[in-house]
Amino acid sequence: MEPAPLRLHPRFPDAMITPRWLALLALGCARPDPVGSPPTLVLGKFEDDYGSRYVISERVWAHGAGAKYHIVRWHPERQYLVAQNDRRNPTEPGLWTRIDWLAIPGIPPYAWAFCMSAYAAPDPDSAESIDVARRDMPRTGCNGFPFSRMKRPSP
């Protein structure tokens, strides 16, 4: 038995939300695929040099249990991505982030490092335009702080 439809507004009695309408609405809310392709260097499970854990896929950069960033643009040739902060993030929900990275060979177990160049931009273009990462200075090139070094987590 199908549940009774919900009436949207008393002045518009014919406007109703049905289960079919909700399904169509949900399909329209799906996030589009990100533009560009990520390098394999930054995909997978990682731990930074502060002990925080990350899971990075083509679509999501997850930091610990509480912060997610939905990736909309990959720029592997320029080593950065643009993502929207999840609406449930504890800080800056719904705003936009730019994450820059660089390979760091010769420092095992670390393979690469990242910098959050922007984390509270109002829109994706604003986040992308913030170009503060200094890859030539990984110890201080992230707004005066070091890039966070990334390694595969211990079992």
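The legends below describe several close-up views of a predicted model.

Local features are described only where pLDDT is at least 70, and side-chain atom pairs count only at pLDDT 80 or more, while totals for chains, interfaces and linings use all residues. Residues are numbered from 1 along each chain as its sequence is written, and side-chain values use heavy atoms, with hydrogens and water left out.

**View 1. Confidence of the predicted chain.**
The protein averages a pLDDT of 86, and 81% of the residues score at least 70; pLDDT is the predictor's confidence in each residue, from 0 to 100. Over residues 20-29 the pLDDT stays under 50, and for this stretch the model has one contact beyond four places in sequence (contact: heavy atoms within 4.5 Å).

**View 2. Strand β3 and its two partners.**
Strand β3 (residues 44-48) pairs with strand β4 (residues 53-56) in the antiparallel sense over four bridges, where helices (H or I, at least four residues) and strands (E, at least two) are DSSP runs numbered from the N terminus, and two strands pair if DSSP finds at least two bridges between them. Lys 45 stands opposite Val 55 in β4. The two strands form a hairpin with four residues between them, and Gly 51 in the turn has a positive phi of about 90 degrees. Strand β3 is also joined by two bridges to strand β10 (residues 148-151), again with the strands running antiparallel, and the partner of Glu 47 in β10 is Lys 151.

The side chains of Glu 47 and Arg 53 meet in a salt bridge of 3.3 Å, N to O (salt bridge: a side-chain nitrogen of Lys or Arg within 4 Å of a carboxyl oxygen of Asp or Glu). Glu 47 counts as buried because its relative accessibility is 14%, whereas Arg 53, at 43%, is partly exposed; buried means under 20% relative accessible area, exposed over 50% and partly exposed in between, with a 1.4 Å probe and protein chains only. The side chains of Asp 49 and Arg 149 meet in a salt bridge of 2.8 Å, N to O. Asp 49 lies in the loop between β3 and β4 and Arg 149 in strand β10, so this pair ties together parts that are 100 residues apart in sequence. By the salt-bridge rule, the count comes to ten.

**View 3. The surroundings of Asn 85.**
Asn 85 is found in strand β7 (residues 80-85) and counts as buried because its relative accessibility is 2%. Its side chain reaches the backbone oxygen of Glu 92 at 2.8 Å. Leaving out residues up to four places away in sequence, the residues that Asn 85 touches include Lys 68, Tyr 69, Trp 96 and Tyr 119.

**View 4. The largest nonpolar core.**
Of the 16 residues in the largest nonpolar core, Ile 56, Trp 61, Leu 81, Trp 112 and Phe 114 touch the most other members (nonpolar core: buried Ala, Val, Leu, Ile, Met, Phe, Trp, Tyr and Cys residues joined through side-chain atoms within 4.5 Å). The elements that give two or more residues to this core are β4, β6 (67-75), β7, β8 (96-107) and β9 (110-121), and β6 gives the most, with four residues. Apart from this core lies another, of eight residues, among them Leu 102, Tyr 110, Ala 113 and Cys 142.

Conventions. A polar contact is a pair of N or O atoms within 3.5 Å; within protein, one must be able to donate a hydrogen and the other to accept it, and residues adjacent in sequence count only if both atoms are side-chain atoms.
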